[in-house]
Amino acid sequence: MATQFNVDNLVINRAIRGTLFDKASSEVIFTIDQITDPKLECGGEQVYVKDALGQNLAAFDRSKTAKFTGSNALVNFGLMAAQLGSEKTVADADNKIVVPAFEMITVTEADKVTLANTPTTGSVKYIYSTHTDKSINQTYVLGTVASATEFSIAGNVITLPTSTFAIGDRVAVFYTKDSTEAVKIKDSTDAFAKGGKFVLEVLACDVCDTNTEYYTYIIFDNAKMDNAVDVTFTNEAKH
């Protein structure tokens, strides 16, 4: 007679992977494998029937809930896009993404400086001189030709205001550029977190033999992502 597989007690090792699938197509929306602090909460609501004096006569259960919370040890763009109801956009030669740029350039020629990138049209409206501590000092505006208070630009070459900058001075420039190597996720007010089928894979083992391992699956057939996203921009950041 075959022995029936019947596990009653398990020791949890770790959560391995969490994946959200599109319910209609079964396509993966995102998958993460650096899960920390995973927690499953099951709850519900009780309603009561009372007598004329307000005494509880009976209790009925309503509105069962299940919630999974946790963090990912790495910032994951697929997860973030799903939380924001957005799509992950990847730039290439045919679909460039406009990104911010900043340069602080040391003047080596008294009348001009050259940016590392060609700015997008109209993105350089001001340049700035700096103090010795590199903080912003004087503002200069874009003009048709360079003057004592204005600069001009052609391509990525900036002609400095006349008789203003000396060799060794620094020029600070904020602008935007087209990039073929960028990833973008946009948070819009009319887009919200995605739903789908969420599957959490958890590695567990036998109580008496840790070499005997089991895959356990926590399955949310109709999951809805929370809109709340909390990312701290430090080396210890968790998503």
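Author: Tyr 126 has Val 141, in E9, as its bridge partner. Since this is a predicted model, local features need pLDDT of at least 70 and side-chain atom pairs count only at pLDDT 80 or more, while totals for chains, interfaces and linings use all residues. Residues are numbered from 1 along each chain as its sequence is written, and side-chain values use heavy atoms, with hydrogens and water left out.

The strand in question is E8, which spans residues 126-130. Strands (E, at least two residues) are DSSP runs numbered from the N terminus, as are helices (H or I, at least four). Two strands are taken to pair if DSSP finds at least two bridges between them. E8 and strand E9 (residues 136-142) run antiparallel and are joined by 4 bridges. In the hairpin of these two strands, 5 residues lie between E8 and E9. Within that hairpin, Lys 134 adopts a positive phi near 75 degrees.

E8 is also joined to strand E12 (residues 170-179), again in an antiparallel manner, by 2 bridges.

As to cover, E8 is mostly shielded, with 4 of its 5 residues buried. Buried means under 20% relative accessible area, exposed over 50% and partly exposed in between, with a 1.4 Å probe and protein chains only. In general, the side chains of a regular strand alternate between the two faces of the sheet.
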